[in-house]
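Please read the following note with the sequence and the structure open side by side. The points are numbered so that each may be checked in turn.

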Amino acid sequence: MTTELLQVSDIKFKFVNVSEVMEADLKKAVDHQIANKGQTILKKIYAKNIDAKVIIDYVITKNKSGLYEADFIFLYNGERFVVENHKGFKVASDLITHAFDKWKRKVLGFWGFLSR
């Protein structure tokens, strides 16, 4: 039995000094996180408010050292959760995984379990 994936209301993004090919790969990585780890997060959010507006706004930058930095802003149920990473990652998609991991811990608690 297939279940319909929960969706976010809006995704806003900006890339700085990132190639078009890399941009496409990073957008796919965000979609992948939403379709996987994000489903657990969204279930929790929508369980509290079925009409919640969930917005993901992110900026990924390739700095002068060739490393990737990111700012992710997750807006939901009147909350604003920000994940900033300016240490620089060699692998840009790791920034996305890192941001979603932190968001999951914020919404579900430290261990990532659904609290009731």
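1. The model under review is predicted. Phe-13, by contrast, has a relative accessible area of 39% and is partly exposed.

2. How many aromatic pairs does the model contain? The count comes to 11 aromatic pairs. In one of them, the ring centres of Phe-13 and Phe-15 lie 5.7 Å apart and the ring planes stand at 45 degrees, so this pair is tilted. Both residues belong to one aromatic cluster, which also takes in Tyr-58, Phe-72, Phe-74, Tyr-76, Phe-81, Phe-100 and Trp-103.

3. Helix 3 covers residues 92–108 and has 17 residues. At 1.5 Å a residue it should span 24 Å, and its end C-alpha atoms are 25 Å apart, which agrees with that expectation. Just after helix 3, Gly-109 adopts a positive phi of about 100 degrees.

4. Which residues of helix 3 are buried? They are Ala-92, Leu-95, Ile-96, Ala-99, Phe-100, Trp-103, Val-107 and Leu-108. In an α-helix there are 3.6 residues a turn, so residues three or four places apart point the same way. The buried residues of helix 3 pack against helix 1 (20–35), helix 2 (37–48), strand 2 (55–62), strand 3 (68–76) and strand 4 (79–89). Phe-100 and Trp-103, both on the buried list, are also members of the aromatic cluster.

5. Helix 2 likewise has buried residues, namely Lys-37, Gly-38, Gln-39, Ile-41, Leu-42, Lys-44, Ile-45 and Tyr-46. These pack against helix 1, strand 3 and helix 3.

6. Two packed helices are described by the angle between their axes and the distance between the axes. Here the axes come within 3 Å and cross at roughly 55 degrees, which means that helix 1 is oblique to helix 2. Helix 1 contributes Gln-33, Ile-34 and Ala-35 to the contact, while helix 2 contributes Lys-37, Gly-38, Gln-39 and Leu-42.

7. Strand 3 and strand 4 run antiparallel and are joined by 8 bridges. Ala-70, for example, has Asn-85 of strand 4 as its bridge partner. The two strands form a hairpin with 2 residues between them, in which Asn-77 takes a positive phi near 45 degrees.

Technical notes. Residues are numbered from 1 along each chain as its sequence is written. This is a predicted model: local features need pLDDT of at least 70, side-chain atom pairs count only at pLDDT 80 or more; totals for chains, interfaces and linings use all residues. Side-chain values use heavy atoms; hydrogens and water are left out. Helices (H or I, at least four residues) and strands (E, at least two) are DSSP runs, numbered from the N terminus. The expected span of a helix is 1.5 Å times one less than its number of residues. Buried means under 20% relative accessible area, exposed over 50%, partly exposed in between (1.4 Å probe, protein chains only). Contact means heavy atoms within 4.5 Å. Rings of Phe, Tyr and Trp (its six-membered ring) pair if their centres lie within 6.5 Å; planes under 30 degrees apart count as stacked, over 60 as edge-to-face and the rest as tilted. Two strands pair if DSSP finds at least two bridges between them. Axes are lines fitted to C-alpha atoms, for helices over the stretch in contact, and angles run from 0 to 180 degrees between N-to-C directions. Angles under 35 degrees count as roughly parallel, over 145 as roughly antiparallel, 65 to 115 as roughly perpendicular and the rest as oblique.
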